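Work through the exercises below with the model open. Try each task before reading its solution.

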Amino acid sequence: MKVFFSATTHNLDEYGDKYFKIRDHIIDQGHLLVHDWLSHIKRSEKGFIKPKIIPQTEYKKSISSIHDCQLAIFESTQPSFSTGHLLTIATQNKIPTLVLWLDDSPWVKNKGMIESIESDYLELAEYNDDNMYDVINAFLNKYEQAHLRHRFNLVIDEVERQYIDWLSYNTFKSRTKIIRDLIRNRISSDEEYRNYLQKIKK
């Protein structure tokens, strides 16, 4: 799948190693990384060397890549307005989006804006060195076949139909969206299924 990965370059010397591990793992899992901005960053004995970029050009590349990708992953441990802006665009375009925070970071509680985004396509996760790949794998595996659509007949009784109709009327959502939301909420809260997704091998 085509994956967009982004993170701020602020505090790159502190978090850069994590960014490269995430980026390399996405590629190692067989996915195509759109707009591989980390490939232009050099390492030296003094730390990471950022390339000289034109902000307008970089912004256009990022927006174009978001529109071209199938999944988006953001490392957001270091707060950044630009990261928040890009992930908002991703979710508005109905792209499944994973936002990651290091669980021991002083910034981990600074999620206010991102947590306030209401989207069925947004997932938030804290991670550490031990579970980083498991968290990423669970997200990638969940959406591996997300582009496929399946139609099936759902038979429900009158009690269930009445509830869905009532919910549809009061929430202004279609019956299909209500049922899909209920399933997605169950998926998000099902620990056994999450553990299963983490272990899937290609």
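Two residues are in contact when heavy atoms of theirs lie within 4.5 Å. This is a predicted model, where local features need pLDDT of at least 70, side-chain atom pairs count only at pLDDT 80 or more, and totals for chains, interfaces and linings use all residues. Residues are numbered from 1 along each chain as its sequence is written, and side-chain values use heavy atoms, with hydrogens and water left out.

**Exercise 1. The whole chain**

Task: State how many helices and strands the protein chain has, and what share of its residues is buried.

Solution: 
- Step 1. Take the elements from DSSP runs, numbered from the N terminus: helices are H or I with at least four residues, strands are E with at least two. The protein chain has eight helices and seven strands.
- Step 2. Apply the burial classes: buried is under 20% relative accessible area, exposed is over 50%, and partly exposed is in between (1.4 Å probe, protein chains only). Of the 202 residues, 40% count as buried.
- Step 3. Residues 24 or more positions apart account for 71% of them.

**Exercise 2. H35**

Solution: 
- Step 1. List its contacts, leaving out residues up to four places away in sequence. H35 touches F4, E58, K61, S62 and S65.
- Step 2. Look for polar contacts, meaning a pair of N or O atoms within 3.5 Å; within protein, one must be able to donate a hydrogen and the other to accept it, and residues adjacent in sequence count only if both atoms are side-chain atoms. The side chains of H35 and E58 make one at 2.7 Å.
- Step 3. Check the backbone. Phi of H35 is near 55°, a positive value in a residue other than glycine.

**Exercise 3. Two packed helices**

Task: Describe how α2 and α3 pack.

Solution: 
- Step 1. Axes are lines fitted to C-alpha atoms, for helices over the stretch in contact, and angles run from 0 to 180 degrees between N-to-C directions.
- Step 2. Read the values. Helix α2 (residues 55–68) and helix α3 (residues 81–92) pack at about 25°, with axes 10 Å apart. That makes α2 roughly parallel to α3 (under 35 degrees; over 145 is roughly antiparallel, 65 to 115 roughly perpendicular, the rest oblique).
- Step 3. Name the residues. Y59, S62, I63 and I66 in α2 meet H85, L86, I89 and A90 in α3. Six residues of this contact are nonpolar, two are polar and none is charged (Ala, Val, Leu, Ile, Met, Phe, Trp, Tyr, Cys and Pro count as nonpolar, Asp, Glu, Lys and Arg as charged, the others, Gly among them, as polar).

**Exercise 4. T77**

Task: Find which residues T77 reaches with its side chain.

Solution: 
- Step 1. T77 lies in the loop between β5 (71–75) and α3. T77 is buried, at 1% relative accessible area.
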